[in-house]
Amino acid sequence: MSQSGVIMEFVHRRRRGAELFLLVLALAVGVGAYAAVGLGVDEEVPADIIGYGGWLAALVVVAHVVVRFVAPYADPVLLPVVAALNGLGLAVIRRLDLAEDTTFARQQLTWMTVGVALFVLTLLLLRDHRVLQRFTYTSGLAALILLLLPLVPGIGTDINGAQIWIHAGPFSFQPGEIAKLLLVVTFAGYLVLHRDALALAGRRVLFVDLPRGRDLGPILLMWLVSLGVLVFETDLGSSLLFFGLFLIMLYVSTERAGWLIVGTVLFLAGAMAAYRVESHVQVRVDTWLHPFDYYSDASGGKSFQLVESMFGMGWGGLLGRGLGLGMPDRIPRAESDFIMGAIGEELGLTGMIAVILLYGLIVERAFRASLICRDGFGKLVAVGLGGVVALQVFVVIGGVTRLIPLTGLTTPFLSYGGSSLVANWVLVALLLRISDHARRPAPMLVTDDEADMETTQVVKMA
Amino acid sequence: MNKPIRTISIFCMLLFIALMVNATYLQYWQSDALDKNPLNRRIIQEAFSRERGAILVDGKPVAVSNESDDEYKWQRTYPLPYKYAPVTGWFSYYSQTGVEQSQNDVLSGDDSRLFVTRLVDLVNGNQTKGGRVSLTIDPDAQNAAFDGLSALGPDVQGAVVALEPTTGKILAMVSLPTYDPNKLASHDFSSVSQTYDQLNEDPAKPLLNRAIQTTLPPGSTFKLVTAAAAIESGNWDASSQVPAGATYQLPETRGDTGLIDNEGRYQCDPKRISFETAMEWSCNTTFAQLAIEVGAEGMYHQAEAFGFNDHYLDDLGPQAESAFPAGTNKPQTGQTGFGQFDVRATPLQMAMVAAGIANGGTVMKPYLVDEVQSADLQTLDKTEPSELSRAVSPTTANELTKLMVATVNEGTASPAAMDGIEVAGKTGTAQSGVEGKPPYAWFVSFAPADDPQVAVAVMIESVPGKDTSEIAGGALGGPIAKAVMEAVIR
């Protein structure tokens with residue numbers, strides 16, 4: 001798995017100063033948006049702007065300092081991008097709070113604090129991502145249990161038709177978001193060991209190398225798990241996410257396009273079957289094709305949320321109404337799944353494209369870390385994390401803008417929701433850890449006289 | 001593993017490009033369509049909280065936004081609700097009609113002509129104010145029309161339209177029964193929908209603007225069009241002797257169904273009478289024969305030249321099209337000669353027939369919006385009168401005027417006669433075609449005959465409490481037309 005000499009010779013710079021500069025810009029986005037919300041709604045800068053901005057800055061500085069010390073070679077773009085998205089999300093949630101008299105923004109700020117704390121902990125405790133490979137099956141089991149938990153009576157709750165929440169005392173969270181991370185680790189650990197068997201055996205049908213029947217086991221298992229999530233928890237989004245994630249990682253590890261074909265066929269078969277059997281899937285497709293027919297109360301108002309979001313985005317146009325000057329509170333639950341509708345309305349197409357590009361940057365940086373990573377496990381984890389962000393963003397923004405049927409996933413870093421925010425901060429910590437490892441100068445061969453005497457070579461880490 | 005990672009990168013890039021293209025499609029290309037979607041409450045809610053421009057009649061508002069202390073900040077108010085409702089329409093949370101709808105862009109401030117104003121407001125941090133719309137209505141004529149029609153009784157159904165013949169300006173437009181648009185503009189939305197449902201289900205149809213949205217058989221007033229076609233053909237003029245008779249059997253018919261009489265007006269009995277007499281006493285037998293002589297084709301073209309089968313009013317909608325049937329056979333053509341069979345006209349259309357004759361044969365395009373002004377009273381646009389069609393030659397118009405003057409001076413239209421001013425007019429009493437339903441009374445006229453300043457059409461659909469024998473265009477419509485003409489001239 002070692003890379004060609006060219007990369008070995010190229011030494012990455014740490015670029016921590018660049019990260020700090022970008023973080024200042026990210027803070028400006030977050031605090032500026034918060035001030036703009038106050039100006040738009042109440043025509044005055046919020047009174048707590050200093051405290052709020054200070055807290056946000058403190059979180060960001062802590063994250064930066066920890067990265068500087070424990071992951072000095074980590075990618076300098078990821079943290080600022082995430083900070084900007086999180087800050088913008090907080091401001092938009094605050095804006096919706098003002099319209100609807102809720103306190104989601106305060107809770108979200110708490111969750112962000114928890115997220116940053118876990119981000120720091122991950123970086124401090126996990127000094128080498130390859131340690132995670134030991135937990136391949138443990139984390140697989142944990143993911144399965146987490147996915148099953150919402151079905152346990154008394155713990156699981158049905159919110160908006162999807163059985164994806166669990167409650168424990170005053171806390172409630174979506175285990176799917178955490179399972180997402182565990183599954184990436186499991187897939188990477190399993191695939192890095194079995195990739196040769198999955199890649200080499202098989203037969204060629206019509207220019208495409210198809211895998212052997214007996215190797216289909218894992219993909220069939222994953223397919224069944226995804227279908228199970230869909231059928232029993234009626235969670236279309238997570239089901240799609242998990243299966244797509246597995247497919248990407250399988251393809252990357254085996255380098256065989258045949259898996260993509262098998263996977264796509266399985267996906268289409270599953271989707272068709274689900275459409276025929278599951279009424280809530282039919283509803284999603286119908287409201288996607290004919291949103292205006294299901295808008296009124298008389299027709300059940302099934303597409304009210306989608307259509308209101310579309311009206312808002314259309315009204316926002318190129319430049320948007322301005323923060324605090326639109327009516328995003330017309331969209332039910334705009335602070336969670338439909339936060340992009342609120343952004344499209346108040347920040348316009350410009351804000352929309354900016355946010356999509358920020359996500360694009362996260363994905364690009366993840367893939368870049370994967371490309372230069374020296375070990376197979378790290379490569380797979382990075383590509384899996386990047387892929388999961390790309391898929392999640394596509395599924396949720398595509399759903400909100402009526403590109404694809406609505407499936408119901410949170411928008412990473414923007415949407416209100418503790419489990420999602422915390423899980424995504426940990427996701428970024430993992431990406432930073434891998435990129436730090438990948439960008440670190442390669443181990444030097446020490447060839448002094450003393451070493452020559454030894455029969456083994458000592459490898460010194462820089 | 002790097003090759004598949006690159007492939008996946010490109011795949012993800014395509015996903016993101018798809019998202020951006022789709023967002024652009026939604027927020028740029030589809031933006032207008034979404035804004036105009038009737039389900040879209042954002043636009044109307046925003047319009048509600050903006051200072052909407054006033055609708056003015058002779059400098060005085062008939063619709064104006066006053067400050068209110070609720071969440072919408074502005075309350076649309078109609079100072080003269082019943083009289084002007086058919087013109088202004090209403091501006092409710094759920095719907096708009098009339099000028100409120102047709103001039104919505106100006107009134108709300110979104111019109112491109114208000115761009116500079118909007119820019120200045122934006123720079124100064126002021127809230128955008130809507131522009132003002134000034135109507136062509138003459139308040140005196142509108143009062144005369146409204147009072148005259150209302151005086152017929154509490155539940156009268158009818159309409160009055162007055163035009164300025166030389167320009168096409170609508171000087172008066174009244175429709176009864178009417179309604180109070182203030183109730184529909186209220187911010188108490190449940191009472192608004194209740195009021196709306198009630199008005200909408202009322203069998204008397206108060207929400208209908210009968211001046212432009214009701215078509216009825218125009219009856220004898222349509223004889224003006226028949227006479228126009230006959231004179232245009234070159235075979236007749238105002239001093240000709242025309243065929244008449246106590247009865248006339250339509251060609252290709254036998255017995256009572258095809259037999260036309262004059263409802264007891266003995267002046268029509270001779271075989272041939274003067275054209276003036278035929279018009280004065282509205283001889284059905286004459287105009288049936290003239291129509292047949294002109295032919296189906298000729299009648300059709302003449303009717304269309306006056307505006308039948310066409311839309312011509314841009315300032316109010318929806319407008320009902322006045323209809324003249326194509327390809328009629330001989331007995332049907334005979335019936336169209338006195339405005340029966342499938343001939344249907346709006347009061348506005350019949351006012352245009354009178355105005356066209358008054359204006360030397362040229363029909364002007366009717367309009368209601370005179371001026372569009374910005375909130376600070378700058379004139380942004382003034383409607384220029386435009387020709388709709390040349391219905392008849394000036395000579396023919398002159399001959400028709402003579403016939404109409406004679407009808408007022410000597411015949412059925414005498415109730416519209418004025419002291420010292422020559423009036424041209426024509427009555428009509430059209431069979432409704434429904435058993436037991438009283439006929440419709442019509443009256444069209446213009447004055448002064450030598451220098452016309454106003455043309456009027458009065459249509460009375462029903463007057464509860466009056467039976468068939470009392471319904472006559474001259475007796476009911478004549479005095480109203482006279483009052484409106486006097487209001488304009490004096």
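**Exercise 1. In this predicted model, determine how helix H4 of chain A packs against helix H13 of chain A, and which residues make the contact.**

Solution. Begin with the geometry: H4(A), residues 78–100, and H13(A), residues 339–372, pack at an angle of about 160°, with their axes 10 Å apart. Angles over 145 degrees count as roughly antiparallel, and H4(A) and H13(A) are therefore roughly antiparallel to each other. As for handedness, H4(A) passes H13(A) in a left-handed crossing.

Next, list the residues that meet. From H4(A) come Leu78(A), Val81(A), Ala84(A), Leu85(A), Gly89(A), Val92(A) and Leu96(A), and these meet Ile339(A), Ala342(A), Ile343(A), Leu358(A), Leu361(A), Ile362(A) and Arg365(A) in H13(A). Sorted by class, the contact of H4(A) with H13(A) has 12 nonpolar residues, one polar and one charged. When reading such a list, recall that an α-helix has 3.6 residues a turn, so residues three or four places apart point the same way.

**Exercise 2. Describe what chain A brings to its contact with chain B, and work out how H13(A) packs against helix H1 of chain B.**

Solution. Start with the whole contact, which takes 40 residues from chain A and 28 residues from chain B. On the side of chain A that touches chain B, helices H9 (236–254), H12 (304–316), H13 and H14 (376–400) of chain A each supply at least two residues, and H13(A) gives the most, with 11 residues. That side of chain A divides into 24 nonpolar, 13 polar and three charged residues.

Then turn to the helix pair. H13(A) and H1(B), residues 2–29, pack at an angle of about 180°, with their axes 10 Å apart; H13(A) and H1(B) are therefore roughly antiparallel to each other. Among the residues that make this contact are Gly344(A), Gly348(A), Leu349(A), Met352(A) and Ile353(A) of H13(A), and Phe16(B), Leu19(B), Met20(B) and Ala23(B) of H1(B). By class, the contact of H13(A) with H1(B) has 14 nonpolar and eight polar residues, and no charged ones.

**Exercise 3. Decide whether Ala23(B) is buried or exposed, and name the residues that it touches.**

Solution. Ala23(B) has its place in helix H1 of chain B. Since a residue counts as buried if 20 or more other C-beta atoms lie within 10 Å of its own, the count is what decides: Ala23(B), with 24 other C-beta atoms within 10 Å, is buried. Leaving aside residues up to four places away in sequence, Ala23(B) touches Leu349(A), Met352(A), Ile353(A) and Thr401(A).

Key: Residues numbered from 1 in each chain as written. Chains lettered and ligands numbered in written order. Predicted model: local features only at pLDDT ≥ 70, side-chain atom pairs only at ≥ 80, totals over all residues. Axes fitted to C-alpha atoms, helices over the stretch in contact; angles between N-to-C directions. Helix = DSSP H or I, 4+ residues; strand = E, 2+ residues; numbered from the N terminus. Parallel < 35°, antiparallel > 145°, perpendicular 65-115°, else oblique. Left-handed = near helix turned anticlockwise from the far one by under 90°. Contact = placed C-beta atoms within 7 Å. Nonpolar A, V, L, I, M, F, W, Y, C, P; charged D, E, K, R; others polar. Buried ≥ 20, exposed ≤ 12 C-beta atoms within 10 Å, placed from the backbone.
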